[in-house]
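I'd like to walk you through one model, so please have the viewer open and follow along.

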Amino acid sequence: MCFSSTASFTAAALLVPVGIASIRSVLAEAPRPGGGNARLALAVTPLIFALQQAIEGAVWLGVVQQPPAPFTEPAALTYLFLAYAFWPFWIPYSALRFGKEQEPGRPRWATRLLPAMGLLFGLVLWLPFLQASGPATPEVVQGSLHYHAGLVFADQRLNDLGRGLYVAIICLPLLLAASRGLVIFAVGLLSAVALAEALYGHAFTSVWCYFSAVLSVLILWIVRTESDTAVARAATLPG
């Protein structure tokens, strides 16, 4: 299996209509009691994955040049921001918002504290890349992009712990979101973790993000198939 700018741009192009369809599906639903739409954040997610894959496509175009094109490092830093800092915030936020609508009794602190913790942890991982030029620029290793992203710890055991915490921050809210579709999405992400670690450990960040982007097509199915359930549960609430 080989990755390239073509693979990244193709994934981005495929996810754009998926994201648009997800958003339209959510906006077309009847208004929820209390106003607002807690499902929109989840529906937007495929478009953000499309943006991330388009950015990595640009990284590919820059890194294959010798020397790398001037835009390569800024594009890589943006890509790593999405990978390390944004997703640990956005996935818990959108999943718990969606799950709160499926299970309205969920306490508000869960939808605020967990995403905030994810953002803080993600910034700890990403900010060191801003302190020096060069390390963010990846290299092609065995057909995949290696970002030299060994997290921020010198000890490999701490790096392994940090990676496990990163995966837990993203996947646990999906598993706890009272949504069958999000549980399936989480299982897919965990399977992608195992596959990326086993076969592409040298390029884990790039490969897992690619697999995650592809898996985000499930979001269109989730917002369409679970909308009626959410409406029915919300309508039964007192007051």
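**A walk through the helices**

Let's begin at Ala116, which sits in helix α4, residues 108-126. Before going further, please keep in mind that this is a predicted model. Ala116 is partly exposed, with a relative accessible area of 42%.

Now zoom out with me to the whole chain. How many helices and strands does the protein chain have? There are nine helices and two strands. Reading from the N terminus, the order is α-α-α-α-β-β-α-α-α-α-α. The chain has 239 residues, and buried ones make up 50% of them. Of the contacts with a separation of 6 or more, 75% join residues 24 or more positions apart.

So what holds the middle of the picture? Have a look at the largest nonpolar core, which has 64 residues. Which residues have the most contacts inside it? They are Tyr84, Trp87, Tyr166, Ile170, Leu174, Leu182 and Trp208. Two or more residues come from each of α1 (5-27), α2 (40-63), α3 (72-102), α4, α5, α6, α7 and α8. The element that gives the most is α3, with 15 residues.

Pick out Trp208 from that list, please. Leaving out residues up to four places away in sequence, Trp208 touches Tyr166, Val167, Ile170, Leu189, Ala192, Val193 and Ala196. Notice that Tyr166 and Ile170, two of those partners, are also among the core residues with the most contacts.

Staying in this part of the chain, let's visit Ser206, in helix α7, residues 204-215. Is Ser206 buried or exposed? Its relative accessibility is 6%, and the cut-off for buried is under 20%, so Ser206 counts as buried. Its side chain has a polar partner there: the side chain of Glu56, in a polar contact at 2.8 Å. Setting aside neighbours within four places in sequence, Ser206 is in contact with Glu56, Tyr79, Leu145 and Tyr147.

Next, helix α8, residues 218-225, where Ile219, Leu220, Ile222 and Val223 are buried. Seen down the axis of α8, the buried residues fall within an arc of 160 degrees, so they line one face of the helix.

Now for the charged side chains. The structure holds one salt bridge, and the side chains that meet in it are those of Arg163 and Glu197, at 2.5 Å from N to O. This pair links distant parts of the chain: Arg163 belongs to helix α5 (residues 156-175) and Glu197 to helix α6 (residues 180-199), 34 residues apart. How accessible are the two partners? Arg163 is partly exposed at 25% relative accessibility, and Glu197 is partly exposed as well, at 40%.

Last stop, the cysteines. Cys171 is buried, with a relative accessible area of 3%, and Cys209 is buried too, at 4%. How many disulfides does a search of the whole structure find? The search finds zero.

Definitions and conventions
Residues numbered from 1 in each chain as written. Predicted model: local features only at pLDDT ≥ 70, side-chain atom pairs only at ≥ 80, totals over all residues. Heavy atoms only, no water. Helix = DSSP H or I, 4+ residues; strand = E, 2+ residues; numbered from the N terminus. Buried < 20%, exposed > 50% of the residue type's maximum accessible area, 1.4 Å probe, protein only. Polar contact = N/O pair within 3.5 Å; in protein donor to acceptor, adjacent residues only side chain to side chain. Contact = heavy atoms within 4.5 Å. Arc of directions from axis to C-beta. Disulfide = S-S within 2.5 Å. Salt bridge = Lys/Arg side-chain N within 4 Å of Asp/Glu carboxyl O. Core = buried A, V, L, I, M, F, W, Y, C linked by side-chain atoms within 4.5 Å.
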